[in-house]
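Let's go through the labels used for this fold and ask what backs each of them up.

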Amino acid sequence: MKNKLQNKIDNDALLREVVDDVKNDQLQQIWDKYGLFIIIGIALILTAAVSFESFKGWQTRKAQELSNAYSVALSLQSQGRLDESLEIYNMLAEKATGIYADIAKIQIANVYLEQQRQDDAEVVLQALIDDKSASPQIKDIASLKLASYKLDDNAPAEEIIGLLTPLLKDEGGSDIARELAAMLYIRENNPSQAKAEYEKIASSETASDDLKTRALDMINLLDETN
């Protein structure tokens with residue numbers, strides 16, 4: 001009985017050794033056949049990970065550089081060094097992408113206005129409005145600024161209302177656009193329509209307190225003069 005048990009143990013040990021040898025042979029065959037591809041695969045995985053981290057780092061550095069450049073341009077503009085600030089804004093508009101480029105174009109228009117170059121400012125804003133790749137929010141801002149410039153410049157009513165109409169299509173339209181529209185209606189001797197726009201502002205849930213106060217004051221003034 002003892003001999004049989006010992007024989008079984010020896011046989012099991014031999015079997016495990018054979019299995020281990022077979023496994024090692026299989027692994028060696030696999031390595032011999034695919035070892036290079038395994039190394040390349042690991043290298044690619046490591047390279048991809050490093051590249052992704054490098055790309056994230058590059059993006060962060062680029063965003064910081066753009067932010068710094070924009071801050072410098074703003075500082076120069078506030079100091080009245082308009083030509084220098086304009087040079088940086090133009091660089092950002094040409095070389096940056098996304099929101100930085102769009103905001104730079106808005107600031108270019110602002111500088112042009114400070115330089116009494118309203119025609120140039122309007123050209124920049126109109127181009128931004130027509131740019132399909134520009135941010136919708138920035139395009140709305142450009143529309144408001146251009147409408148405001150045209151209102152100050154006594155431009156034809158149809159040009160101004162054409163800029164404001166997309167913002168006034170629904171009840172959630174821009175409150176500032178409504179104020180500009182009301183001012184236009186006053187200029188065009190249409191007080192009832194102006195009052196209607198001011199009333200929408202006064203009841204708006206999104207209008208600022210200052211804007212609502214102005215609207216209420218204008219409503220009272222219109223009531224007194226009619």
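Q: What counts as a helix or a strand here?
A: Helices are DSSP runs of H or I with at least four residues, strands are E runs of at least two, and both are numbered from the N terminus. Read that way, this predicted model follows the pattern α-α-α-α-α-α-α-α-α along its sequence.

Q: How many helices and strands does that give?
A: The protein has nine helices and zero strands.

Q: Why are α2 and α3 called roughly antiparallel?
A: Helix α2 covers residues 82-95, and its axis crosses that of α3 at roughly 155°. The label needs an angle over 145 degrees, so α2 and α3 count as roughly antiparallel to each other. Their axes come within 8 Å, and α2 passes α3 in a left-handed crossing.

Q: Which residues make the contact between α2 and α3?
A: On the α2 side you've got Leu82, Ser85, Leu86, Tyr89, Asn90, Leu92 and Ala93. From α3 come Ala101, Ala104, Lys105, Gln107, Ile108, Val111, Tyr112 and Glu114. Sorted by class, this α2 and α3 contact holds ten nonpolar, three polar and two charged residues.

Q: How do you know that α4 and α5 are roughly antiparallel?
A: Helix α4 (residues 118-130) and helix α5 (residues 136-152) pack at about 150°, with axes 9 Å apart. The cut-off is over 145 degrees, and α4 and α5 are therefore roughly antiparallel. The crossing of α4 past α5 is left-handed.

Q: What meets what between α4 and α5?
A: α4 brings Gln118, Ala121, Glu122, Leu125, Gln126, Leu128 and Ile129. Facing them in α5 are Ile138, Lys139, Ala142, Ser143, Lys145, Leu146, Tyr149 and Lys150. The class tally for α4 with α5 is eight nonpolar, three polar and four charged residues.

Q: What makes α8 roughly antiparallel to α9?
A: α8 and α9 pack at an angle of about 150°, and their axes are 8 Å apart. With the threshold at over 145 degrees, that makes α8 roughly antiparallel to α9. Their crossing is left-handed. The α8 side of the contact is Pro191, Ala194, Lys195, Tyr198, Glu199, Ile201 and Ala202. The α9 side is Leu211, Lys212, Ala215, Leu216, Met218, Ile219, Leu222 and Asp223. By class, the contact of α8 with α9 has eleven nonpolar, no polar and four charged residues.

Q: Why does Tyr198 get its burial label?
A: Tyr198 sits in helix α8. Buried means under 20% relative accessible area, and Tyr198 comes in at 3%, so it is buried.

Q: Which residues touch Tyr198, leaving out those up to four places away in sequence?
A: Tyr198 touches Glu179, Ala182, Met183, Ile186, Ala215, Met218, Ile219 and Leu222. One of these, Ala182, is 16 residues from Tyr198 along the chain, with 6.6 Å between their C-alpha atoms.

Q: What makes Thr206 count as exposed?
A: Exposed means over 50% relative accessibility; Thr206 has 66%, so it counts as exposed. Thr206 is in the loop between α8 (191-202) and α9 (209-225). Ser174 is 32 residues away from Thr206 in sequence, yet their C-alpha atoms are 8.8 Å apart in space.

Q: Where are Gln116 and Asn189, and how do you know whether each is buried or exposed?
A: Gln116 lies in the loop between α3 (99-114) and α4, while Asn189 lies in the loop between α7 (175-187) and α8. Gln116 has 70% relative accessibility, so it counts as exposed. Asn189 has 67%, so Asn189 counts as exposed too.

Q: What do the totals for the protein say about burial and surface?
A: Of the 226 residues, 31% are buried. The protein exposes about 14900 Å², and carbon and sulfur atoms supply 55% of that.

Q: How many of the contacts between residues at least 6 apart join residues at least 24 apart?
A: Among those contacts, 43% do.

Notes. Residues numbered from 1 in each chain as written. Predicted model: local features only at pLDDT ≥ 70, side-chain atom pairs only at ≥ 80, totals over all residues. Heavy atoms only, no water. Axes fitted to C-alpha atoms, helices over the stretch in contact; angles between N-to-C directions. Parallel < 35°, antiparallel > 145°, perpendicular 65-115°, else oblique. Left-handed = near helix turned anticlockwise from the far one by under 90°. Contact = heavy atoms within 4.5 Å. Nonpolar A, V, L, I, M, F, W, Y, C, P; charged D, E, K, R; others polar. Buried < 20%, exposed > 50% of the residue type's maximum accessible area, 1.4 Å probe, protein only. Areas by Shrake-Rupley, 256 points an atom, 1.4 Å probe, with all protein chains shown as cover.
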